[in-house]
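Thanks for asking me to look this over with you. Have the picture open as you read, and take the points one at a time.

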Amino acid sequence: MLTLLSRTNKLKFAFLFLLVLPLAAPYHARAEILYHVQWPDRSLWILGTIHLAAKTSTELSEKAKQVIASSDHLWMEISPNELTLSADMLFEQGLHDYPYLREQLPEELWAELSALIARVGLAPSIVQRMEPWLVEYLVMVMWLQHEGFKTSLGIDYQVMRYAALNNIKVMGLRLLRLCH
C-alpha cells in the first residue's frame, strides 16, 4: 500500500505511525513526559501527550496537576472544540464520493485488506472510498480500542478534564480549519 502513497501521504502515514508506535509497546511505568523551561522572567511547562492509552499507567501525576492548576495559560496542539471537529475533518480529507482505493490496489491486495478490515468491523463499501492513510489510521485506532486502549485515558483528555474542573481555559496552538 505504501507504493501508492504520494510524498505528502507518506509523511502523514509516517507521522501517524510514529505517533501511535509507543502505544503498542507494553509499559508499566507512569507514561508522562513533563519538561520545565525556565527563563529569568517566565516559566514554561511542556507535557507530552498520548492520545490512546490502556489501564491507568497514563494517569496524570500530582506534579502535572499542580503545574496545570497554577498555570496562567494552557495551550494544547488544538483546542477542545477543534478536537471535536477533527474526526469530521479526517473524513472530509480522506473520504471520496466514489470508489477509489479498490481501483488503486491489485485484486490480491484488496482481498487481504478486506480480510483485515473485516476483523476490526469496517465495511469494504466504505473503505474502498478512502485514502490509504485514512484506512491505516482507522484500522490502527480500532485495533487499539479492541485491545483496551481508550481516548478517555489519554493524557490530552485528562488535561482537558482537569482544566475544566479547575476552570482553566484551554487554547489551541493551531486551527484545524486552516490546516487543510
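Here are a few notes on a helix pair and on the salt bridges.

1. Please keep in mind that this is a predicted model.

2. Start with helix H5 (residues 107-120) and helix H7 (residues 132-146), whose axes come within 9 Å and cross at roughly 40°. The crossing of H5 past H7 is left-handed.

3. Which residues of H5 and H7 make the contact? On H5, look for Leu113, Leu116, Ile117, Arg119 and Val120; on H7, find Val135, Val139, Met142 and Trp143. Sorted by class, this contact has eight nonpolar residues, one charged residue and no polar ones.

4. Now for the charges: how many salt bridges does a search of the whole structure find? There are three. Side chains of opposite charge can pair when their charged atoms come close.

5. One of these salt bridges joins Glu62 and Lys65, with the closest N and O atoms 3.7 Å apart. The two residues are three apart in helix H2 (residues 62-69), so about one helical turn separates them. Glu62 is exposed at 55% relative accessibility, whereas Lys65 is buried at 19%.

6. Asp41 and Arg42 also pair through their side chains, at 3.4 Å from N to O. Asp41 is exposed, at 62% relative accessible area, while Arg42 is partly exposed at 47%.

7. Finally, Arg102 meets Glu107 in a salt bridge of 3.5 Å, N to O. Arg102 is partly exposed, with 39% relative accessible area, and Glu107 is exposed, with 55%.

How values were computed: Residues are numbered from 1 along each chain as its sequence is written. This is a predicted model: local features need pLDDT of at least 70, side-chain atom pairs count only at pLDDT 80 or more; totals for chains, interfaces and linings use all residues. Side-chain values use heavy atoms; hydrogens and water are left out. Axes are lines fitted to C-alpha atoms, for helices over the stretch in contact, and angles run from 0 to 180 degrees between N-to-C directions. Helices (H or I, at least four residues) and strands (E, at least two) are DSSP runs, numbered from the N terminus. A crossing is left-handed if the near helix is turned anticlockwise from the far one by less than a right angle, and right-handed if clockwise. Contact means heavy atoms within 4.5 Å. Ala, Val, Leu, Ile, Met, Phe, Trp, Tyr, Cys and Pro count as nonpolar, Asp, Glu, Lys and Arg as charged, and the others, Gly among them, as polar. A salt bridge is a side-chain nitrogen of Lys or Arg within 4 Å of a carboxyl oxygen of Asp or Glu. Buried means under 20% relative accessible area, exposed over 50%, partly exposed in between (1.4 Å probe, protein chains only).
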